[in-house]
Amino acid sequence: MSLTLAQRTQLRKRAALQAAEAAPERSMAGATAYEQQLMQLNQDRLRLKQVQSEQGKAELKRLLIPAYAPYIEGVLSAGNGAQDDVLTTLMVWCIDAGEFADALSIGAYVLKHNLKMPDRFERTTGCLLAEEIANAALKMQKADGEFPLFVLEQALTITDPHDMPDQVRAKLLLATGKALLSKVDEQQLDGELLEQAKAHLAKAIDLHGSCGGKKDLERVVRLLKKHAESKPAETGTGEPPVDETANPEQGEGDQTDPGEQGTDSGTATPPDTEQPTSDKDESKPSEEGAAATDPGTGEPPAN
């Protein structure tokens, strides 16, 4: 039976209050809101057992989860970390139903307070969270789907301090590396993105040589080589090269061809003997000890 808005609000408040009152080393058992949710959870688990299809179960969980949302919100907002089987079970349900962001919100709280999974789960919380997220991502990537990168990165972050088999962590690193690689545009390569993908894939292979990431890593290496080859040999400033032979005293519009200096453009008449300093040819340094000549007369200057 669905709850009204007022009932949902009341449930959230009661869950927050009772979660705040429960000591971290204790269980939520005995709290009214928790007991009600646990009873509902057991009933829903019986409904799930009647469904044989895994996809059918996932769809049913997707329909059941919203009824627990007020309780979850209340506990996450005020809880002190008391053991809560409703919360840990709903974390797994959210993964199964494809509600990955909600699963990680619950997962961050569960891992922070070291909550244990119910007895029917054999894996530790960190291991379960990492592996289930990785499995969902790899399955979607195998079908050419795009799994949210932020989900994988957050899963890596919150599970990093927690112990788990190397194969499990390798799965999560592999899925993250593949997600990074899927964002690479081969027409406009991003070196930083490629380096990130390479790091995740290489670490995954290092942890578990048969994780299945070798071809992806080879592709990343090829793209990095292509990216390096596409760079110019020298990084320029974008400015044209400076002509070191040009007269530094000349303006941009006053420079003349060294072969035409000393002549008046358009006439064969020699120029006046008193040339402006800016018109002298300084492109060739004068030889030390050589006598200077007057460019207009060809005679040595008067002493």
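## Helix H7

Aspartate 144 follows H7 and has a positive phi, near 65°. Helices here are DSSP runs of H or I, at least four residues, numbered from the N terminus. The 18 residues of H7 should span 26 Å at 1.5 Å a residue; expected span is 1.5 Å times one less than the number of residues. The end C-alpha atoms of H7 are 26 Å apart, which agrees. Of its 18 residues, 13 are buried, so H7 is largely enclosed by the rest of the structure. Buried means under 20% relative accessible area, with a 1.4 Å probe and protein chains only; exposed means over 50%.

## Model and confidence

This is a predicted model: local features need pLDDT of at least 70, side-chain atom pairs count only at pLDDT 80 or more, and totals for chains, interfaces and linings use all residues. Residues are numbered from 1 along each chain, and side-chain values use heavy atoms, without hydrogens and water.

Mean pLDDT (predictor's confidence in each residue, 0 to 100) is 79 for the chain, and 67% of residues reach 70 or more. Over residues 250-303 the pLDDT is below 50. Where pLDDT is low, the predicted coordinates should not be read in detail.

## Glutamine 141

Glutamine 141 sits in H7 (residues 125-142). Its relative accessible area is 15%, so it is buried. A polar atom of its side chain lies 3.0 Å from the backbone oxygen of alanine 175. Beyond four places in sequence, glutamine 141 contacts (heavy atoms within 4.5 Å) Phe147, Leu152, Ala175, Lys178 and Ala179.

Methods
Helices (H or I, at least four residues) and strands (E, at least two) are DSSP runs, numbered from the N terminus. A polar contact is a pair of N or O atoms within 3.5 Å; within protein, one must be able to donate a hydrogen and the other to accept it, and residues adjacent in sequence count only if both atoms are side-chain atoms.
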